[in-house]
Amino acid sequence: MSERRIRLKLKTPLFFFLFYVILSGVILGFYSGGFLVNFKQLGFSIVSSVQKGFSTVANGVTTFFTAVGDLATLREEYAILQEKLEDYEYLQRNNADIKKENARLKEQLGFATDFTYKNYPAQIIARDPNALYSGITLNKGSRHNIRKGMAVLAIQNGDIGLVGKVVSVGRETSMIMPIYDYQCNISSRISTTRDIGLVSGNGESSNTLTLKYIKKRVLQELNLGDIIVTSGENDNYIKDIPIGSISNIKMLDYDNSLEIEITPIIDFSRLENVIIVDSSQIQNNE
């Protein structure tokens, strides 16, 4: 028992000694500002971390809205570019159409200049398939020296073809009867054999014409694609103007003549400009 007390007595001074040493160190630390600095650093670290978190979130939100704004801007710019592209393509098409129109007019001008007879370029301004003569209306009339009975020609793809003849004349406009009209009959010749016949219309521009009164004996001399031209007889039309080409030949048992189908040279569905010819006047090209 006595030994145990002795040990306690020995430990008590040691405990107080260590306590004073630690206390002195703490006091010294507070006095020198070391603990204050550590607390400040600890607080700063915590606050900095929180601020960094808020900053990251804020930057993320800002970036998101910036991206949305950029996307909207890109869409607007794309729409503008798309519109410009469409305008460019429209101008390209327009330019191509103008070139084609110029080529057609140049072609007609060359024909009008070199042609023997006096002629007047005209433009189709109306069509009425239900009217008399399946009328096609032109923008030239008596004021432009147009008269009834004048032949009307056209040029397509470099080929000259017969369109019809003038049947009615007003002061500013005139009407023509096209070759496909039922009432149109043209004295014609086969260009290769020179056999004469009569070309008649079948009522519609999409239909073929019919050549009649060609004898069966010339069948072996005919070929598909042979050109049929005006004969120039009876002062009907100018001589040797192409009408169409042979597309089919029929032999009828009850007739000694052939029935020949003719495809017109002129595609009436694309016809815009024509040339009215006055065969009573020779053109002065000097």
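Strands E6 and E7 form a hairpin with five residues between them. In the turn, Arg 194 has a positive phi of about 65°. The model is predicted, and its chain holds two helices and twelve strands.

**Strand E6 and its partners**
- Strand E6 covers residues 185-190 and is mostly covered, with five of its six residues buried.
- Strand E7 (residues 196-200) runs antiparallel to E6, and five bridges join the two.
- Within this pairing, Ser 188 stands opposite Gly 197 in E7.
- E6 also pairs with strand E9 (residues 227-230), in the antiparallel sense and over three bridges.
- Ile 190 has Ile 228 in E9 as its bridge partner.

**Aromatic pair**
- The count of aromatic pairs comes to one.
- Tyr 180 and Phe 268 have ring centres 4.9 Å apart and planes at 85°, so the pair is edge-to-face; the cut-off for that class is over 60 degrees.
- Tyr 180 lies in the loop between strand E5 (174-178) and E6, and Phe 268 in the loop between strand E11 (257-264) and strand E12 (273-282), so the pair ties together parts that are 88 residues apart in sequence.
- Tyr 180 counts as buried at 10% relative accessibility, because the limit for burial is under 20%.
- Phe 268 is buried too, with a relative accessible area of 2%.

**Nonpolar core**
- The largest nonpolar core has 45 residues, and Val 163 and Val 274 are those with the most contacts inside it.
- Strand E3 (residues 151-156) gives the most to this core, with five residues.
- Leaving aside neighbours within four places in sequence, Val 163 is in contact with Val 152, Leu 153 and Ala 154, with Ile 176, Met 177, Pro 178 and Ile 179, and with Ile 266, Phe 268, Leu 271 and Val 274.
- Phe 268, the ring partner of Tyr 180, is thus listed among the contacts of Val 163.

**Chain as a whole**
- From the N terminus on, the order of elements is α-α-β-β-β-β-β-β-β-β-β-β-β-β.
- The chain has 286 residues, of which 29% count as buried.
- Among contacts with a separation of 6 or more, residues 24 or more positions apart account for 58%.
- The accessible surface of the chain comes to about 19200 Å², and 56% of that surface belongs to carbon and sulfur atoms.

Technical notes:
Residues are numbered from 1 along each chain as its sequence is written. This is a predicted model: local features need pLDDT of at least 70, side-chain atom pairs count only at pLDDT 80 or more; totals for chains, interfaces and linings use all residues. Side-chain values use heavy atoms; hydrogens and water are left out. A nonpolar core is a set of buried Ala, Val, Leu, Ile, Met, Phe, Trp, Tyr and Cys residues joined through side-chain atoms within 4.5 Å. Buried means under 20% relative accessible area, exposed over 50%, partly exposed in between (1.4 Å probe, protein chains only). Helices (H or I, at least four residues) and strands (E, at least two) are DSSP runs, numbered from the N terminus. Contact means heavy atoms within 4.5 Å. Accessible areas come from the Shrake-Rupley method with a 1.4 Å probe; for residues, only the protein chains shown count as cover. Two strands pair if DSSP finds at least two bridges between them. Rings of Phe, Tyr and Trp (its six-membered ring) pair if their centres lie within 6.5 Å; planes under 30 degrees apart count as stacked, over 60 as edge-to-face and the rest as tilted.
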